[in-house]
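Reader: I would like to go through this model with you, one region at a time. Could you put it up for us?

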Amino acid sequence: MTAIRPFQTLSCAIFALCLAGTTSAAAQNAPEDIKRELAALRAEVQQLRSEVAGLKGAQGAQGAQGAQGAQGAQGAPTEVLQAQVAELAQVKVESESRMPVKIFGTIHANVFANSGTPNWLENPNLVAAPPADGRQGTFSATLRQTRIGLSMAGPTIGSARASANVAMDFFGGIPGFQTGQVMGLPRLLVAFARVETDRTAVEVGQDQMMLAPRDPTSLAAFAFPALFRSGNLYLRTPQARIERVIVSNVRISGGIVAPIAGDLAIEDYRFVPPALSGERSRRPGVQAHLGYASGPADAARVASFGVSGHYGWERRAAELADSWAAAFDFGLRRDHVGLAGEAFVGENIDAFGGALGLDARAAGGWAELQFFAGDKTSFNLGAGIDQVTDDRRALLARRMNRTGYGNMIFSLTPEVQASFEYRWLETSPGTGSERRNHHFDWVLAYKF
């Protein structure tokens, strides 16, 4: 209202002046009462002029103050400007608790071909018997290994930092539909919360198990690591663990894991997990890992070693059967050349891919030679073996599995990678001849 009033007053004044000018000539012959009214009108016009002049002066003073304020703002402390920049640089995705959330993932496309009859077309780990018509070999493409996840930075609790991660891919199977191949079902990969200081960490959730944590290098084997059931033990499982840096570069971790026995044999979709031998043992498994690393895993010169173990139970009729494993893993790199691998022994560790996925005693491992041609190109060549070692091997469905592979991984940009991989796989049944498969895989992956 204050800003509008000067214009209203000025309009009234102009109108009055015009009226006074048009009547000035007739004022000489007007009666006395008209003369008195004209004199009063002139006095009112003068008063209006004075008010207009005052309002103009007030607006000028406000403009001067605004200019001085702008000059003062230009000289504001740098802390204010830095705070404004920091606010603009903040992550804009937030959780309900207003903690920052980072979205990450990988769009993974692979085209593949097989010469035999593997169990998984895009990432084979066993070879089945030839079909009845004898016509072997497959070719197709998929994006089921595409991954998406969230990483959340939690509050600081004293000197400890809280964080959480959750990720999934689409390797959980396909629906029973005519074109189900292109309708990959979601699969939970990891979902855990973590609180850590510089030397100690506590983690609860689903994550890579503590037993045998090292995997071969492969962009084609993204959903499941390479050499699963050929010497590489692997499982992401619910767990609660504690990690502690004992001395410089030496870390120990230990905890309990869910009693997954790996004996779910049904092929159809199940809404509720059944009570199998692991769950019926009524107790968790126990795992631990002791490792040494001379530096970060991606350093040009690094040496790392680890020993790990697992112990669990499975309910078999009226008795409890032991499930155990011991593993050794290593990684070495000196400039352009690297070497990595793992060896294990165990019994009833089919849940981890040991004993070719069977309940039996087994031993195996893998080794890989790495060559880093530059920042963008790497070559990897390796092999793995898993074999049953108890007396029942001739009575079981499989007694040995061997895999050899080679791949080239090229980083077009830090976000875009391409790879070509060849994999030779041989499965030996309990009795009968070996089954072989040649697998070719072309991959294009975009990380975000």
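Reader: Which residue takes a positive phi in the hairpin of β7 and β8?
Author: That residue is N249, with a phi near 75 degrees, and the hairpin has two residues between its strands. Strands here are DSSP runs of E with at least two residues, helices are runs of H or I with at least four, and both are numbered from the N terminus.

Reader: Before we continue, what sort of model is this, and how are residues numbered?
Author: It is a predicted model, in which local features need pLDDT of at least 70 and side-chain atom pairs count only at pLDDT 80 or more, while totals for chains, interfaces and linings use all residues. Residues are numbered from 1 along each chain as its sequence is written, and side-chain values use heavy atoms, with hydrogens and water left out.

Reader: Good. How many bridges join β7 to β8?
Author: Eight bridges join β7 to β8 (residues 250-257), and the two strands run antiparallel. Strands count as paired if DSSP finds at least two bridges between them. One of the bridges links E243 with S253 in β8.

Reader: And how many join β6 to β7?
Author: Nine bridges join β6 (residues 200-208) to β7, again in an antiparallel arrangement. There, T200 has R244 of β7 as its bridge partner.

Reader: Where does A240 lie, and what does it touch?
Author: A240 lies in β7, which covers residues 236-247. Leaving aside residues up to four places away in sequence, A240 touches E203, V204, G254, G255 and I256. A contact means heavy atoms within 4.5 Å. A240 and G255 are 15 residues apart in sequence, yet their C-alpha atoms are 5.6 Å apart in space.

Reader: What is the relative accessible area of A240?
Author: It is 29%, so A240 is classed as partly exposed. With a 1.4 Å probe and protein chains only, buried means under 20% relative accessible area, exposed means over 50%, and partly exposed lies in between.

Reader: How much of the chain is buried?
Author: Buried residues make up 37% of the 448 residues in the chain. The chain has three helices and 17 strands. Of the contacts between residues at least 6 apart in sequence, 59% join residues at least 24 apart.

Reader: Which residues make up the largest nonpolar core?
Author: There are 11 of them: M209, L211, A212, L233, L235, A325, A327, F344, I349, A351 and F352. Another core lies apart from it, with seven residues, among them A355, L356, A362 and L396. A nonpolar core is a set of buried Ala, Val, Leu, Ile, Met, Phe, Trp, Tyr and Cys residues joined through side-chain atoms within 4.5 Å.

Reader: And what does L211 touch?
Author: Not counting residues up to four places away in sequence, L211 touches L233, Q287, S308, G309, H310, A325, A327 and F352.

Reader: New topic: what is the volume of the largest pocket?
Author: The volume is about 2300 Å³. Of its 50 lining residues, F171, G172, R187, F224 and L264 are the closest to its centre. The elements giving two or more residues to that lining are β2 (138-142), β5 (187-196) and β7.

Reader: How are pockets and cavities defined?
Author: On a 1 Å grid over the protein atoms alone, a cavity is a set of points where a 1.4 Å probe fits but cannot get out, a pocket is an open set with protein on both sides within 12 Å along at least five of seven lines, and lining residues have an atom within 4 Å of a point. Grid points are joined across faces, edges and corners, and a volume is the space filled by probe spheres set on the points.

Reader: What classes of residue line the largest pocket?
Author: Its lining has 29 nonpolar, 10 polar and 11 charged residues. Ala, Val, Leu, Ile, Met, Phe, Trp, Tyr, Cys and Pro count as nonpolar, Asp, Glu, Lys and Arg as charged, and the others, Gly among them, as polar.

Reader: How many cavities of 30 Å³ or more are there?
Author: A search of the whole structure finds three. The largest cavity holds about 120 Å³ of space, and P259, I260, H310, G312 and S323 lie nearest its centre among 17 lining residues. Strand β10 (residues 301-316) gives the largest share of that lining, four residues.

Reader: Finally, how many bridges join β13 to β14?
Author: There are 11, between antiparallel strands β13 (residues 361-372) and β14 (residues 377-388). A hairpin of four residues joins β13 to β14. G365 stands opposite I385 in β14, and I385 also stands opposite R402 in β15.
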